[in-house]
Structures are given as C-alpha cells and as structure tokens.
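Open the model in a viewer and keep the sequence panel beside it. The tour below gives selections in order, with what to find at each stop.

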Amino acid sequence: RIRAPAGHRLINFQISVDFNTSVLSSGAGALYSAGEFVGVTATLNDPPSAFQLVASDPSSERTGVVSVGTVSLRVVASGVTFVSGHITELITVDEQGVTHRVSNVPAVAGSG
C-alpha cells in the first residue's frame, strides 16, 4: 500500500524491497497479486533477493491509502531477515494540479 498525501492523487511510483535470500526468495514460487492501482509491473527474481513494483497512470484518481498489490515471497528456510524498502520515485498531483515528487528515499513503514 502507498499512502498519498491528503488531497493528492497517486499517479506514479517505483518501489523496491530487499531481503536475505537465505530466508526468503523472489524466485520460483513467489508471486504478485494485483491491487487497485492499474498497470503495475512486478519484477520478481531479478535478483532473487529483491522485488520491484512500477506503475504510471497520469489519469489515476486513486487517493488516500492505495493498494498497489501484494507480493508473496517463497520461504527458503526458517529464520529472521531484515526487510528494507526503497522509494525510487513516487509522484502525486494535488487538487490544484501541481505535481509533487518523492525520490530516492527509504521506505520507512513496514521495514524491519
């Protein structure tokens, strides 16, 4: 999920998530299930220690908390792994039509 600021439409994002492949993998058995944001491209197993979600829809009307889909990873072994996310780009448009960008920052919510 991505939370668009109040009064903003989510129109574009590129996010990636990394983890330890001794515990999880985005290879065989991992899958992406679509959310409400249309046109998301999920890159799994490139590399097996990460996945990426990318989409752009300039006419999107999605506001608030937007489901961009769910990635189910394959469990390789029991254990603990740190999961970290990175926002490469997130673009919203406010009610006045002004574009706002967040680029190259860690994704804080859900990390750990």
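Which residue in β6 is the bridge partner of A42? Select A42 and look across to β6: the partner is L53. Bear in mind throughout that this is a predicted model.

**The strand pair and its sheet**

Now select β5 together with β6, residues 50–56; the two strands pair in the antiparallel sense over four bridges.

**L53 and the core**

Return to L53 and show its surroundings. Leaving aside residues up to four places away in sequence, L53 touches F13, Q14, I15, Y32, V40, T41, A42, V68 and V71. L53 is also among the residues with the most contacts inside the largest nonpolar core, along with L10, F13, F37 and V68. That core has 19 residues. Two or more of its residues come from each of β2 (9–18), β6 and β10 (84–93). The largest contribution, four residues, is from β2.

**T92**

Next, select T92, which lies in strand β10. Is T92 buried or exposed? T92 is buried, because its relative accessible area is 2% and the cut-off for buried is under 20%. Its side chain is joined to that of H8 by a polar contact of 2.8 Å. Besides H8, the residues T92 touches include A4, P5, R9, L10, V98, T99 and H100, with those up to four places away in sequence not counted.

**The salt bridges**

Finish with the charged pairs. How many salt bridges does a search of the whole structure find? The search finds two.

For one of them, select R62 and E36, where the closest N and O atoms are 3.7 Å apart. R62 sits in the loop between β6 and β7 (65–66), and E36 in the loop between β4 (31–33) and β5, 26 residues apart. R62 is partly exposed at 34% relative accessibility, and E36 is partly exposed at 31%.

Then select R101 and E89, whose side chains meet in a salt bridge of 3.1 Å, N to O. This pair links strand β11, which holds R101, to strand β10, which holds E89, the residues being twelve apart. R101 is exposed, with a relative accessible area of 56%, whereas E89 counts as buried at 19%.

Methods:
Residues are numbered from 1 along each chain as its sequence is written. This is a predicted model: local features need pLDDT of at least 70, side-chain atom pairs count only at pLDDT 80 or more; totals for chains, interfaces and linings use all residues. Side-chain values use heavy atoms; hydrogens and water are left out. Two strands pair if DSSP finds at least two bridges between them. A nonpolar core is a set of buried Ala, Val, Leu, Ile, Met, Phe, Trp, Tyr and Cys residues joined through side-chain atoms within 4.5 Å. Buried means under 20% relative accessible area, exposed over 50%, partly exposed in between (1.4 Å probe, protein chains only). Contact means heavy atoms within 4.5 Å. A polar contact is a pair of N or O atoms within 3.5 Å; within protein, one must be able to donate a hydrogen and the other to accept it, and residues adjacent in sequence count only if both atoms are side-chain atoms. A salt bridge is a side-chain nitrogen of Lys or Arg within 4 Å of a carboxyl oxygen of Asp or Glu.
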